[in-house]
Amino acid sequence: GVALNCVSNGLLVREGVFDDLWIQPAAGDAGGAPGAALVAWHQSGGERLGAGDRNAERDGMSGAFLGPAWSDDEVEQFLREHGLTYERLDRMMLAERVAGSLAEGAVVGWMQGRMEFGPRALGNRSILADPRNRGMQRTLNLKVKFRESFRPFAPAVLRTHVGEYFELDRASPYMLLVAPVRNASADGDGAAALQGMERLQAVQSPLPAVTHVDSSARVQTVDRGTNAAFADLIEAFRRKTGVPVLVNTSFNVRGEPIVCSPTDAYRCFMATAIDYLVLGSCLLDRARQPAGHPLLAGRREFEPD
């Protein structure tokens with residue numbers, strides 16, 4: 001798990017210790033699986049793909065979306081079978097609608113394509129929100145994640161705009177690099193003498209919902225080549241707000257794994273204060289869902305830590 005320490009990773013990049021740095025996204029025990037596969041590949045005489053390629057932006061894992069997926073037709077069949085209210089939209093209309101809701105302060109559960117491999121949600125099993133909203137960090141922690149209100153969230157930013165908002169000049173596709181937020185400061189109004197939540201609230205930032213107490217953020221860059229649907233959404237949000245950044249946190253609550261299936265996503269959606277749920281091309285409004293649905297029987301009740 002050492003390589004999951006994103007603060008150390010960010011320091012290595014800034015200090016130039018290595019010519020290049022690439023971090024395997026499931027750098028915990030789960031990383032033993034691709035490690036074993038690579039050992040077998042090399043021992044059998046296999047060559048390293050892309051050997052000699054010095055392009056630091058090259059990501060051979062292509063986003064590491066290796067888990068299960070449900071097609072739009074399978075999602076719609078699930079929704080119809082359970083009598084749930086939804087709209088099915090084409091990709092661009094979906095991006096426009098969801099971006100508009102996010103800009104108005106809504107919280108959105110976002111499930112697309114294959115599930116991520118590793119501990120970070122990278123835009124396929126994510127909870128999304130507006131990073132400009134100063135109160136969003138507290139809202140997400142207390143009413144969605146059910147955890148302490150000071151916990152930080154990560155920004156997902158279009159790769160083409162990362163340098164405008166963060167002191168980072170490279171891709172960070174797996175949310176494993178911490179970088180300073182540009183134009184963020186905790187030095188005003190005696191902030192240095194404050195402690196705890198008071199110090200956090202004193203941080204001045206253009207992206208307060210993703211800026212930690214030390215004016216840094218754990219950055220994820222989004223590339224259209226590996227996640228077109230997520231990139232379309234962030235681009236639609238940029239057109240509406242001028243900001244190509246979203247809050248991105250894993251689609252789960254404290255003590256539970258990241259959602260995998262449409263059933264998991266719907267249960268988490270209805271057990272929290274998430275306003276809208278996106279399952280592939282289908283959009284669900286919390287206010288229009290049936291009360292007391294059998295899918296929700298036996299669901300856990302949560303209290304903040």
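1. A cavity, as the term is used here, is a set of points on a 1 Å grid over the protein atoms alone where a 1.4 Å probe fits but cannot get out. Grid points are joined across faces, edges and corners, and a volume is the space filled by probe spheres set on the points. A search of the whole structure on these terms finds one cavity of 30 Å³ or more.

2. On provenance, this is a predicted model, in which local features need pLDDT of at least 70 and side-chain atom pairs count only at pLDDT 80 or more, whereas totals for chains, interfaces and linings use all residues. Residues are numbered from 1 along each chain as its sequence is written, and side-chain values use heavy atoms, with hydrogens and water left out.

3. The largest cavity has a volume of about 40 Å³, and its lining (residues with an atom within 4 Å of a point) is made up of Trp70, Val75, Met111, Gln112, Gly113, Leu279 and Gly280. By class, the lining has four nonpolar residues, three polar and no charged, where Ala, Val, Leu, Ile, Met, Phe, Trp, Tyr, Cys and Pro count as nonpolar, Asp, Glu, Lys and Arg as charged, and the others, Gly among them, as polar.

4. Which residues of β3 pair with Met111 and with Ser250? Met111 has Arg125 as its bridge partner in β3, while Ser250 of β7 is the partner of Ser126. Strands here are DSSP runs of E with at least two residues, and helices are runs of H or I with at least four, both numbered from the N terminus; two strands pair if DSSP finds at least two bridges between them. Strand β3 (residues 125-129) is joined antiparallel to β2 (residues 108-111) by four bridges, and is paired, again in the antiparallel sense and over four bridges, with β7 (residues 245-250).

5. The structure holds one aromatic pair, the term requiring ring centres of Phe, Tyr or Trp (its six-membered ring) within 6.5 Å. Tyr266 and Phe269 form this pair, with 6.0 Å centre to centre and 65° between the planes, which is edge-to-face (planes over 60 degrees apart). Both residues lie in helix α9 (residues 262-271), three residues apart, about one turn of the helix. Tyr266 is buried, at a relative accessible area of 0%, and Phe269 is buried at 0%.

Key: On a 1 Å grid over the protein atoms alone, a cavity is a set of points where a 1.4 Å probe fits but cannot get out, and a pocket is an open set with protein on both sides within 12 Å along at least five of seven lines; lining residues have an atom within 4 Å of a point. Rings of Phe, Tyr and Trp (its six-membered ring) pair if their centres lie within 6.5 Å; planes under 30 degrees apart count as stacked, over 60 as edge-to-face and the rest as tilted. Buried means under 20% relative accessible area, exposed over 50%, partly exposed in between (1.4 Å probe, protein chains only).
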